[in-house]
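Please open the structure in your viewer and keep the selection panel at hand.

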Amino acid sequence: MNTVFETVIGIEVHAQLRTNTKLFCGCPNQFGTGPNSNVCPVCLGLPGALPVLNKQAVIFAVTAGLGLHCQIRETSVFSRKNYFYPDLPKGYQISQYDLPICEHGHLDITVEGVSKRIGITRIHMEEDAGKLVHQGAEAISGSTGSLVDLNRACTPLIEIVSEPDIRSAQEARVYVENLRRILMFLGVCDGNMEEGSLRADANVSIRPVGTEKFGTRTEIKNVNSFRSLERAIESEVARQTALILSGSTVIQETRHYDDFTQTTKSLRSKADAHDYRYFPEPDLFPLHVSSAWIAEIKASMKLHPDAVLLKYKTEGLSEFEIQVLLDDPEMACFFDACCVDGVSPTAVAKWVVGDFQAILRDKKISFSDSPVAPAALTSLVQMIEKGTLSGKMAKEMLPAMMTGKDPESIVKESGATQISDGDALRPLIAAIIDQHPDVIEKVKSGKRNAADFLIGQVMKETKGRAKPDLVRTLILEDIQNR
Ligand SMILES: [Zn+2]
């Protein structure tokens with residue numbers, strides 16, 4: 001009999017918080033500076049240095065917890081997680097253990113039209129470790145030596161641990177995508193996976209369908225994109241299935257995903273919690289978060305993507321436009337700023353998601369650095385809606401607007417407005433029709449498409465400024481009356 005297996009996945013996401021300074025010292029929380037330039041006695045772990053908790057990091061952790069429907073613990077405790085590794089100067093990491101700041105939350109995902117709730121066991125705060133820079137090779141194997149950069153040591157993280165509710169690689173991917181979106185929208189994390197601001201580890205096991213008991217799990221690390229997360233899980237499920245079917249057993253271990261070979265390989269046997277000898281951090285008081293403070297944080301929270309989604313649906317945006325906006329909180333923020341009273345959100349969305357996004361992307365400029373102010377794009381859209389400009393003319397004005405000019409002054413300087421005044425166009429149209437008696441005959445005999453030629457002539461004469469649908473109406477009207 002063939003055994004059919006079910007995949008069981010739990011995900012741990014480490015998200016770097018967007019604070020200005022590190023978790024327990026005043027060093028800048030910055031990526032890409034020279035090695036060991038953002039360090040001090042605290043994050044170097046020098047004897048006698050004492051940690052001081054960053055208040056903003058607590059606010060961000062609570063914000064994330066509220067965004068993920070967690071209960072916020074009024075008292076949480078920092079603990080020491082003891083282990084040795086060259087990138088950990090103190091010999092322990094300050095983390096939270098049995099009393100984390102947030103617990104019992106959830107996040108809803110939709111995969112192929114089916115919605116599902118994934119439980120969030122906990123969110124705890126912790127400091128990051130430094131980084132080993134391997135010489136002469138990408139990984140430690142094959143390198144000639146490794147250098148230690150402690151810029152990242154003590155940067156603030158939250159670790160978000162899911163329940164083992166995820167049943168496929170695809171669900172895992174959607175879960176992390178949604179989670180990233182929420183953290184970015186709440187302004188808690190920049191979501192940059194390449195720079196390691198968001199890292200996902202997957203705990204994967206399989207069990208025969210219909211059984212309750214969990215199989216032995218492995219933890220997959222080193223996943224730095226959504227695609228590699230999906231592939232890593234798929235390859236690990238295939239490996240575990242082959243092992244069990246051949247009569248072997250899965251060993252509890254940490255495995256490293258290699259994007260090149262698309263397989264996982266054993267890194268080390270997985271330690272259990274008791275191996276870390278957790279104990280409460282004696283240099284920090286327990287953290288108290290009062291209900292008044294939680295209420296204050298809740299009141300100042302930015303919009304949750306679920307609320308944004310609903311707003312965009314009500315405004316009549318297309319599924320595609322909504323997806324694009326939700327994947328880029330900066331773009332969504334720009335779009336919202338454009339949608340003032342008296343302008344249609346769908347018309348704005350067409351420009352923000354379409355041509356305007358294209359020109360920014362082309363110049364590698366983010367929406368937050370856009371040289372075109374939202375108000376300028378709004379007036380461009382309004383000029384199209386009023387018929388002052390054609391869509392084509394507006395598109396041609398975008399490069400000039402990128403220098404910071406507003407569309408009104410560009411129009412004033414160039415005089416390039418759309419001619420939508422019938423009386424101004426009639427004499428020109430009559431003159432052009434006079435020159436083409438053959439077209440008159442064709443149109444009168446029912447071939448209305450023959451008028452396209454005349455529209456082309458009018459557009460040419462007006463240098464593209466005439467409003468095309470108006471020109472068509474006027475031409476047909478004129479011919480009818482002959
Ligand atoms: Zn420091």
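The residues lining the second largest pocket divide into 14 nonpolar, seven polar and nine charged. Here Ala, Val, Leu, Ile, Met, Phe, Trp, Tyr, Cys and Pro count as nonpolar, Asp, Glu, Lys and Arg as charged, and the others, Gly among them, as polar. A pocket is an open set of points on a 1 Å grid over the protein atoms alone, where a 1.4 Å probe fits, with protein on both sides within 12 Å along at least five of seven lines; lining residues have an atom within 4 Å of a point. This is a predicted model, in which local features need pLDDT of at least 70, side-chain atom pairs count only at pLDDT 80 or more, and totals for chains, interfaces and linings use all residues. Residues are numbered from 1 along each chain as its sequence is written, and side-chain values use heavy atoms, with hydrogens and water left out.

Select Arg-18, Met-184, Asp-328, Pro-329 and Glu-330, which of the 30 lining residues are the closest to the centre of the second largest pocket. Its space comes to about 800 Å³, a volume being the space filled by probe spheres set on grid points joined across faces, edges and corners.

Next, select helix H3 (169-185) and helix H8 (329-338), the elements that give two or more residues to this lining. H8 gives the most, with seven residues. Helices (H or I, at least four residues) and strands (E, at least two) are DSSP runs, numbered from the N terminus.

**The domains.** Colour domain 1 (5-293), domain 2 (312-414) and domain 3 (422-480) separately; their bounds come from an automatic or database domain assignment. Where does the second largest pocket lie? Domain 1 and domain 2 both give residues to its lining, so it lies between them. The C-alpha centres of domain 1 and domain 2 are 38 Å apart.

**A sheet.** Now select the open sheet of three strands in the order S5-S4-S15, where the pairing is antiparallel; two strands pair if DSSP finds at least two bridges between them. Strand S5 (92-96) and strand S15 (279-280) stand at the edges, each with a single partner strand, so one side of each has no neighbour in the sheet. Strand S4 (residues 78-82) is joined to S5 by five bridges, and Arg-80 stands opposite Ile-94 in S5.

**A hairpin.** Finally, select strand S13 (residues 253-258) and strand S14 (residues 263-269), an antiparallel pair with six bridges. Glu-253 has Ser-269 in S14 as its bridge partner. Four residues separate S13 and S14 in this hairpin, and Gln-262 in the turn has a positive phi of about 55°.
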